[in-house]
Amino acid sequence: MRNHLILIGLALLGCGTLVFGRIDRRPERPARELANAEPSAEELIDRFLDALARKDPDALHRLRATEAEYREILMPGTVPEGQPLKRPTKEFADLAWGLIDTKSRYYEQSLLLEYGGRQFRLKATSYDKGEKRFASYTAHQQVRLRLEDETSGAELMLGTGTIVEVAGRYKFMSFIKD
């Protein structure tokens, strides 16, 4: 009898996951996505300009990919479309994240010092290094914003890093301006 119950249990598990006496036939969780990301680059840029206007370093920082997102989504997927994901060594991942995070934090401070507290109207967005598709994301490289200062009416260009798109959601990978 015991062997029969084990076989029945294994058969049920083969059809789905047994959860509290019922079969759960939901598909596996979708690939990991970016948390707190925006549905468009335009909405992300609006949040970026709002964080600058409010001089809010925490809001600005939240617009950027987290360490987990970088290590689990972006880094492994930085290969041509259709290629297998790469698995860098822990040492390389630590170094890469350390560099991108440290540089981005300095750029965040610089952006707040130079543009913080100012209200801007977005006139145009461009990407100096274009768009590049990778296995797990699309990079919109080197954001350039043509802005109008709402107080003085003066136009200026604000350059910053790269926006990534993962599963239709947008976030900055970094604020590092080349």
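Modeller: On a 1 Å grid over the protein atoms alone, a pocket is an open set of points where a 1.4 Å probe fits, with protein on both sides within 12 Å along at least five of seven lines; its lining residues have an atom within 4 Å of a point. This is a predicted model, where local features need pLDDT of at least 70 and side-chain atom pairs pLDDT 80 or more, while totals for chains, interfaces and linings use all residues. Residues are numbered from 1 along each chain, and side-chain values use heavy atoms, without hydrogens and water.

Biologist: Which residues lie nearest the centre of the largest pocket?

Modeller: Tyr70, Ile100, Thr162, Met173 and Ser174 do, out of 19 lining residues. Two or more residues each come from α4 (67-74), α5 (90-115) and β9 (169-174), and α5 gives the most, three. Helices (H or I, at least four residues) and strands (E, at least two) are DSSP runs, numbered from the N terminus.

Biologist: And how do I read a nonpolar core?

Modeller: It is a set of buried Ala, Val, Leu, Ile, Met, Phe, Trp, Tyr and Cys residues joined through side-chain atoms within 4.5 Å; buried means under 20% relative accessible area (1.4 Å probe, protein chains only). Here the largest has 23 residues, and Phe48, Leu49 and Phe172 are among those with the most contacts inside it. α2 gives the most to this core, with seven residues.

Biologist: What does Phe172 touch?

Modeller: Beyond four places away in sequence, its contacts (heavy atoms within 4.5 Å) include Leu44, Phe48, Arg64 and Thr162.

Key:
Buried < 20%, exposed > 50% of the residue type's maximum accessible area, 1.4 Å probe, protein only.
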